Amino acid sequence: MTHVRKTEAVMLPVRFSILFFLLFMVSCATLDTDSAKQNAEARYKIGVGYYSEGKVQQAFVEFQHAYELNPQNKEVLYLIGIIYMLDFDETLKAIDFFQRAVKIDPDYSEAYNNLGYAHAKIGKFDAAIPFYKKAVSNLLYATPEKAFVNMGRAYYRLGRYDDAAAAYKEAIKRAPNFDLPYQGLALCYNATGKYGDASASLSYAIRLNPQYRGNTKMAAEDFMIRKLGASGYDQKDFADYLEILKY
């Protein structure tokens, strides 16, 4: 018995040493993780600054560094997706990053909205609509009117004009001074032969637009310029706006 007790007494310091070493290693790992997150946040903020200045490549590099340091930052994933979609025209890569963002935060409405937009950008309007619906299902989404406008545009592309008009009207309920849903409604009314309503809706959109401020001539000139630079669906939209202005 005495021999056993002596052995245990000898082993106790060893056990405490091992325990202390393990705790020390965990503490170091925690410090390293915290440091990486802080560096990632700093890189993210630098990237946001660059992007706001129009320095897209510099912003992209900073966001990539932030992503490497902390792959679980949903905002970083989201902004990398935005650059891929809007600046680099690599929509499939954008979709991948938006999907990673919503996997981290299933209530990330901005990412869902842009998942819809990305699918619509490659012509998958049916696939886009559920993402818009997911975005607006979040009652804490601060700007659901954006997703409703995008939803209306997707329905319009599919020729579902009543559904499109309903989505645009939902956008108006949430942001009565937002011009884009009135522009969308004008196209819906025009497509269904309601030309007076189309004219009234587009006129009101021009009045609300912060650039046009009710100046129909300025709007017509802008529509013409944008029509020349557009293609496909967008080109037809601008042509339709110009036609509606003649009513």
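This is a predicted model: local features need pLDDT of at least 70, side-chain atom pairs count only at pLDDT 80 or more; totals for chains, interfaces and linings use all residues.

Biologist: How many helices and strands does the chain have?

Modeller: There are 12 helices and zero strands. Helices (H or I, at least four residues) and strands (E, at least two) are DSSP runs, numbered from the N terminus.

Biologist: What share of the chain is buried?

Modeller: Buried residues make up 40% of the 247 residues. Buried means under 20% relative accessible area, exposed means over 50%, and partly exposed lies in between (1.4 Å probe, protein chains only).

Biologist: Why is Arg213 called exposed?

Modeller: Its relative accessible area is 70%. That is over 50%, so Arg213 counts as exposed. Arg213 is found in the loop between helix H10 (195–208) and helix H11 (216–229).

Biologist: What does the side chain of Arg213 reach?

Modeller: The backbone oxygen of Pro210, at 3.2 Å. A polar contact is a pair of N or O atoms within 3.5 Å; within protein, one must be able to donate a hydrogen and the other to accept it, and residues adjacent in sequence count only if both atoms are side-chain atoms.

Biologist: Why is Gln183 called buried?

Modeller: Gln183 has 10% relative accessibility. The limit is under 20%, so Gln183 is buried. Gln183 sits in helix H9.

Biologist: Which residues does Gln183 touch, beyond those up to four places away in sequence?

Modeller: Leu202, Ala205 and Tyr241. Contact means heavy atoms within 4.5 Å. With Tyr241 there is also a polar contact of 3.3 Å between the side chains. The C-alpha atoms of Gln183 and Ala205 are separated by 5.8 Å, though the two residues are 22 residues apart along the chain.

Biologist: What makes Ser201 buried?

Modeller: Its relative accessibility is 7%. That is under 20%, so Ser201 counts as buried. Ser201 lies in helix H10. A polar atom of its side chain lies 2.6 Å from the backbone oxygen of Tyr182. Leaving out residues up to four places away, Ser201 touches Tyr182, Leu185, Ala186 and Tyr189.

Biologist: Now the rings. Why is the pair of Tyr44 and Phe63 called tilted?

Modeller: Rings of Phe, Tyr and Trp (its six-membered ring) pair if their centres lie within 6.5 Å; planes under 30 degrees apart count as stacked, over 60 as edge-to-face and the rest as tilted. By this rule the count comes to 16 aromatic pairs. For Tyr44 and Phe63 the centres are 6.2 Å apart and the planes are at 40°, so the pair is tilted. The pair links distant parts of the chain: Tyr44 is in helix H1 (residues 2–52) and Phe63 in helix H2 (residues 56–69), 19 residues apart. Both Tyr44 and Phe63 are buried.

Biologist: What kind of aromatic pair do Tyr67 and Phe97 form?

Modeller: An edge-to-face pair, with 5.9 Å centre to centre and 70° between the planes. Tyr67 in helix H2 and Phe97 in helix H4 (residues 91–104) are 30 residues apart. Phe97 has a relative accessible area of 8%, so Phe97 is buried. Ring pairs also link Phe60, Tyr67, Tyr84, Phe88 and Phe97 into a cluster.

Biologist: How do you know that Arg100 lies over the face of Phe97?

Modeller: A charge sits over a ring if NZ of Lys or CZ of Arg is within 6 Å of the ring centre and within 35 degrees of the ring normal. Arg100 is at 4.5 Å from the ring centre of Phe97. The charged end of Lys74 sits over the ring of Tyr108, 4.6 Å from its centre.

Biologist: Which residues are closest to the centre of the largest pocket?

Modeller: Tyr117, Asn150, Arg153, Arg157 and Asp234, of the 37 residues that line it.

Biologist: Why is Arg157 called buried?

Modeller: Arg157 has a relative accessible area of 14%, which is under 20%, so the label is buried. Arg157 is in helix H7 (residues 144–157).

Notes. Residues are numbered from 1 along each chain as its sequence is written. Side-chain values use heavy atoms; hydrogens and water are left out. On a 1 Å grid over the protein atoms alone, a cavity is a set of points where a 1.4 Å probe fits but cannot get out, and a pocket is an open set with protein on both sides within 12 Å along at least five of seven lines; lining residues have an atom within 4 Å of a point.
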